[in-house]
Amino acid sequence: MMDPQGGIQGIGMTSRRTRDRLVQRLRDQGIRSEAVLDQIRNVPRHLFVDEALASRAYEDTALPIGLGQTISQPYVVARMTEALLDGFQGETVLEIGTGCGYQTAVLAPLVKKIYTVERIPELLRKTRQRLRDLDIYNVQFRPGDGWEGWRKYGPYDGIIVAAAAAEIPEKLLQQLAPGGRLVIPIGPPGRQDLTMVTKMNDHCEQVSLEPVSFVPLVKGK
Ligand code: SAH
């Protein structure tokens with residue numbers, strides 16, 4: 001059997017059928033954007049986890065990636081990407097919590113440019129190489145504290161945060177363009193809500209989408 005994406009042939013764990021099954025599951029759970037579902041199908045998630053876990057890469061579950069971090073669950077990545085891009089008219093996105101870069105890879109072909117911030121430099125180094133190997137070039141990386149955002153290239157049309165904060169980081173709101181959207185898990189461990197904030201001229205509109213479970217957005221370096 002030929003696998004057009006994974007390069008591992010005849011094993012089945014990265015096969016078209018395995019990926020289609022994941023896409024169908026996300027569809028059943030309410031993901032509607034075909035562009036996002038296509039990305040879930042196309043991005044080789046097995047290349048973002050340790051080889052020992054590759055056989056589980058197309059299960060809809062978070063997995064450990066070392067250094068105490070996880071690769072996000074495909075459903076959550078799809079949901080956040082869909083929420084960010086619904087009605088999106090801009091070009092630039094700020095991502096906080098790059099991790100292994102799976103969310104980055106799903107989003108990259110759907111926007112013009114991603115600026116991504118990760119506090120663990122070692123993780124970022126590997127991720128930068130991984131995305132390059134996957135021919136993803138519209139991403140700029142920065143080791144640093146996501147609470148600070150990345151002022152230099154702002155304001156951003158969208159901001160997506162892959163770690164949970166107790167409250168909405170003020171600096172991220174400041175770096176969001178008018179009409180822009182911020183998608184972020186808010187709340188303490190065990191009680192986080194995936195939250196969507198839209199910045200209007202004189203106020204922000206905030207909607208809770210659903211309960212989620214993320215690692216905390218660590219304060220400071
Ligand atoms: N986006 C990843 C999941 C990342 S998990 C995926 O697609 O699978 C959350 C990441 O946020 C971890 O890598 C963690 O190191 C990072 N993180 C936590 N606090 C941070 C902070 N204050 N600034 C930047 N990154 C942070």
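Because the model is predicted, local features are taken only where pLDDT is at least 70 and side-chain atom pairs count only at pLDDT 80 or more, whereas totals for chains, interfaces and linings use all residues. Residues are numbered from 1 along each chain as its sequence is written, and side-chain values use heavy atoms, with hydrogens and water left out. The protein chain has a mean pLDDT of 93, with 94% of its residues at 70 or more; pLDDT is the predictor's confidence in each residue, from 0 to 100. Over residues 1-10, however, the pLDDT is below 50, and this stretch has 16 contacts in the model beyond near neighbours in sequence, a contact being heavy atoms within 4.5 Å. Where pLDDT is low, predicted coordinates should not be read in detail.

The sheet is open and mixed in its pairing, with 7 strands in the order β5-β4-β3-β6-β7-β8-β9. Here helices (H or I, at least four residues) and strands (E, at least two) are DSSP runs numbered from the N terminus, and two strands pair if DSSP finds at least two bridges between them. Since β5 (139-143) and β9 (204-212) stand at the edges with a single partner strand each, one side of each is left without a neighbour in the sheet. Neighbouring strands of this sheet are turned by 15° against each other on average, direction ignored, where axes are lines fitted to C-alpha atoms, for helices over the stretch in contact, and angles run from 0 to 180 degrees between N-to-C directions.

Across β4 and β5 lies helix α5 (residues 121-133), which runs at about 165° to β5.

Helix α5 also gives the most to the lining of the second largest pocket, with 4 residues. A pocket is found on a 1 Å grid over the protein atoms alone, as an open set of points where a 1.4 Å probe fits, with protein on both sides within 12 Å along at least five of seven lines, and lining residues have an atom within 4 Å of a point. The volume of this second pocket is about 150 Å³, with grid points joined across faces, edges and corners and the volume taken as the space filled by probe spheres set on the points. Its lining includes L67, K126 and R130.

The largest pocket holds about 520 Å³ of space and is lined by 34 residues, of which Q69, G97, A162, A163 and V215 lie nearest its centre. Strands β4 and β9 are among the elements that give two or more residues to this lining, while the largest share, 3 residues, comes from β2.

Two backbone details remain. L67, in the loop between β1 and β2, has a phi near 55°, a positive value in a residue other than glycine. G154 and P155 are joined by a cis peptide bond with omega about 0°, and P155 is placed in the loop between β5 and β6.
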